[in-house]
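Open the model in your viewer and keep the selection panel at hand.

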Amino acid sequence: MKKLLILCKVVDNYGDIGFVYRLFRALTEENFPFEVTLAVSDMISFSRMCPQIDCAAELQNLNGWNVIHWDGEFPENFIKENIPDIIFECFQCGRPDWLEELLFDESFTKPVEIINIEYLTAEEWADEFHLLKSGTRKSNIKKINFMPGFTDKTAGLVLDSEFVRNLKDREYALNKMRSVTKEKTSLFNNPDVFTISFFSYEKDCSSLVCALEKFTELRKRENPDFELYVFSPEGKSYDSFYASWKNKERNFSLVSLPYMDQLTWDAFLTLCSVNMIRGEDSFSRAALSGLPFLWHAYIQEGEFQLVKVNALLKRMKPFFSEENYLLYLKLMLYYNRTVSVLQENLCDEVVELFEEEKLPSDFSDAELEKLFLDFFMHYDELKKSFSDFSDSLFKNGNLAGYLKALCFKLSGE
């Protein structure tokens, strides 16, 4: 049987391992006929995402596959006895020193294919980069690039069966949430309740809180039974929101959620009215959910994150009316703008972006508040656009299936 080694170096606690664990499960569903070993640098983070993981075990079995630590003598010896035919390098994680020495030793002549699985991006270069071959310093070690993405020229997104079932079976998703917040679960089935998930990097939430107060007030005039709940996982996301919410009128509720494993978190995202999320894995789930979402991109030097946000917006534009797209464009760009970054420190690409869209690159709290309010007030018509965007992503196919086919092709199966 052919052997596959998946490498995951955990950088941001849960984002990297979140994608890899999801891919791991999706490949299992594809009846992937390779002997698979997953090497992870941070078992504690993995165990929080997947409770079956034993952090102390040198070798363990998960869904019939091997799981080992990234470092130490055991993984080195284990891999020497189980030389992989194919290696997945996830998110430019590189290779452990012991694996690098093994592969590039002059005496090592076995052909090995390395698949470099890149970060998710909507940028145009992803279409061109997908399946592009890349050189290494030995002819028997070959490398190819593999791009998740939003078009049929990329590998699409992971469509694991658990997430898809949550989308199709609301009661199934609700049962997952009952284990986390039993007393609040009924809110997700109440037509008078509007629910928002809030999961972002640290930021000032004052404009958002003020907009939600006004939104709640306006909706209560139409329906006195209307209620709004913001659910946020404990930690920096909750703290950021609470800092703005605690001193306001608080005509809506804020609920702190305990940490959830991946399967429960997925269920939660399919139940909310709006998802405000960060990171790659939660971002991809929000896009597939068909529900309105706002993405808080990871902050980069010179505000380069806005280039990535704009690339996503361009992919989504065909599904919106002109008026609603302009609203969403402004909100996403300003929501992702870092107020503390001075205008003269913006990178050239961001300056060009705002000039191209004929928008000022700075904004006031009042302007952002109005954009938030307009977004929530246009919820019903926006929902159709997000649903159509989601349908387009499902039509692109399952990343795990494409990856399986590529492994077959490279290994001559």
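**Stop one: the pocket**

The lining of the second largest pocket divides into 17 nonpolar, 11 polar and nine charged residues. Here Ala, Val, Leu, Ile, Met, Phe, Trp, Tyr, Cys and Pro count as nonpolar, Asp, Glu, Lys and Arg as charged, and the others, Gly among them, as polar.

This is a predicted model: local features need pLDDT of at least 70, side-chain atom pairs count only at pLDDT 80 or more, and totals for chains, interfaces and linings use all residues. Residues are numbered from 1 along each chain as its sequence is written, and side-chain values use heavy atoms, with hydrogens and water left out.

The pocket's volume is about 730 Å³. (A pocket is an open set of points on a 1 Å grid over the protein atoms alone, where a 1.4 Å probe fits, with protein on both sides within 12 Å along at least five of seven lines; lining residues have an atom within 4 Å of a point. The volume is the space filled by probe spheres set on the points.)

Select Cys272, Ser273, Leu291, Tyr379 and Lys383: of the 37 lining residues, these are the closest to the centre. Next, colour helix 16 (379–395), which gives the most to the lining, eight residues. (Helices are DSSP runs of H or I, at least four residues; strands are runs of E, at least two.)

Now show the open sheet of eight strands, order 3-4-2-1-5-6-8-7, with mixed pairing. (Strands pair if DSSP finds at least two bridges between them.) Strand 3 (59–62) and strand 7 (133–134) are at the edges, each with a single partner strand, so one side of each has no neighbour in the sheet.

Zoom to strand 2 (35–40) and strand 4 (65–69): they run parallel, joined by four bridges. Threonine 37 has asparagine 66 as its bridge partner in strand 4.
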